[in-house]
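Have the viewer open alongside as you read.

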Amino acid sequence: MPEFDTELLAPDEGGLARAAAIWRAGGLVALPTETVYGLAADARQGRAVARIFAAKERPRFNPLIVHLPDAAAARQLADWPRDAARLADAFWPGPLTLVLPLRPGHGLSPLVTADLPTVALRVPAHDVARAALHAFGGPLAAPSANPSGRISPTTAAHVLSGLGGRIEAVIDGGPCPVGVESTIVSLAGDPALLRPGGVPAEAVEAALGRPLAPPEAAAPDRPGAPGQLASHYAPRAAVRLDATERRAGEVLLGFGAIAGDLTLSASGDLAEAAANLFGHLHALDARGQPIAVAPVPKTGLGQAINDRLRRAAAPRP
Ligand code: TXA
Ligand code: MG
């Protein structure tokens, strides 16, 4: 039985004040960001953070991203090497998460970091997320607002269909403009790409002035990003990649010249494809047929799109 009558909040002053009051009381409110909807709680309250793991049925060893209003707030929580300043200047606010060594006295619940000596920090660009952070006035721990392992949410309706009844509220900010999660870069050792995402890896490398190491190069005692779990972002239906045509019984997710039942971008625009990715997967999954997916180029935002598609197609545990 659902525990809550999940409230749908407007992204206005009244809605944000209500969200802030729920967060202060240790509750869960999902909010829109430019990437996907996040399931947020006060990152300093252990019981609130524990409820995120329970609502998502997320394994406790998988740490959460802390959302902050600006880089000054980030510097309070973590060491701040020159590369952090470079990347924050270039990409914050925006879809980049930095993994940095925690500073003593950070005040975060150890559940947020899964007891690691590092923390993942992000300053989102979405107006509603920024206004919510200001209304709350503290750090918000927020993974994507979907049951663990399922397709990420890019609308308030996706959040309600996955977590309705398990959380106090959702702030409805419309569809998320970027559509894939943030790029995660570890600066705890040599700069390493832990997860491709909304900022193309090439752009991060250009700002750093050197190449990013692959995930394995990040300190070996540290679990990588979400997706280290091979099966993730999984629809209920089976997924077949690099399809150039529809086989019997399948629905087709198209790209470019390959038109499907739904098409990520008919013009081959990767930003449009990223914005449509999870919404189209949710919609095709609802038809209950196997999903074939047309090839998508692997450069720029295509790296994040292909990463999510590979995980959607991986064998389930
Ligand atoms: O775009 C996004 O990043 C969205 C929105 C809501 O901000 N959030 C998101 O959170 O994608 P989530 O939990 O689905 O993915 C965050 C991943 C975790 O799975 C974890 O592997 C990685 O970030 N992470 C967090 N802390 C880490 C740490 N200290 N070291 C390495 N990876 C970490
Ligand atoms: Mg996620």
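How many salt bridges does a search of the whole structure find? The search finds 16, where a salt bridge is a side-chain nitrogen of Lys or Arg within 4 Å of a carboxyl oxygen of Asp or Glu.

## About the model

This is a predicted model, in which local features need pLDDT of at least 70 and side-chain atom pairs count only at pLDDT 80 or more, while totals for chains, interfaces and linings use all residues. Residues are numbered from 1 along each chain as its sequence is written, chains are lettered from A and ligands numbered from 1 in the order in which they are written, and side-chain values use heavy atoms, with hydrogens and water left out.

## Charged pairs

Side chains of opposite charge can pair when their charged atoms come close. One such pair joins arginine 44 to aspartate 42, with 2.9 Å between the closest N and O atoms. Aspartate 42 is buried at 5% relative accessibility, whereas arginine 44 is partly exposed at 41%. Here buried means under 20% relative accessible area, exposed over 50%, and partly exposed in between, using a 1.4 Å probe and protein chains only.

Arginine 51 and glutamate 168 also form a salt bridge, at 2.8 Å from N to O. Helices (H or I, at least four residues) and strands (E, at least two) are DSSP runs, numbered from the N terminus. Arginine 51 is partly exposed at 25%, while glutamate 168 is buried at 16%.

## A salt-bridge network

Which residue pairs with glutamate 181 in a salt bridge? Arginine 308 does, with its closest N–O distance to glutamate 181 being 2.8 Å. Glutamate 181 belongs to the loop between β8 and β9 (183–186) and arginine 308 to helix α9 (residues 302–313), so the bridge ties together parts 127 residues apart in sequence.

Both partners are buried: glutamate 181 has a relative accessible area of 4%, and arginine 308 has 1%. The pair belongs to a network of salt bridges that links Glu181, Asp307, Arg308, Arg310 and Arg311.

## Proline 117

Beyond its neighbours within four places in sequence, proline 117 is in contact (heavy atoms within 4.5 Å) with Leu100, Pro101 and Leu102. Arginine 103 is 14 residues from proline 117 along the chain, and their C-alpha atoms are 8.8 Å apart.
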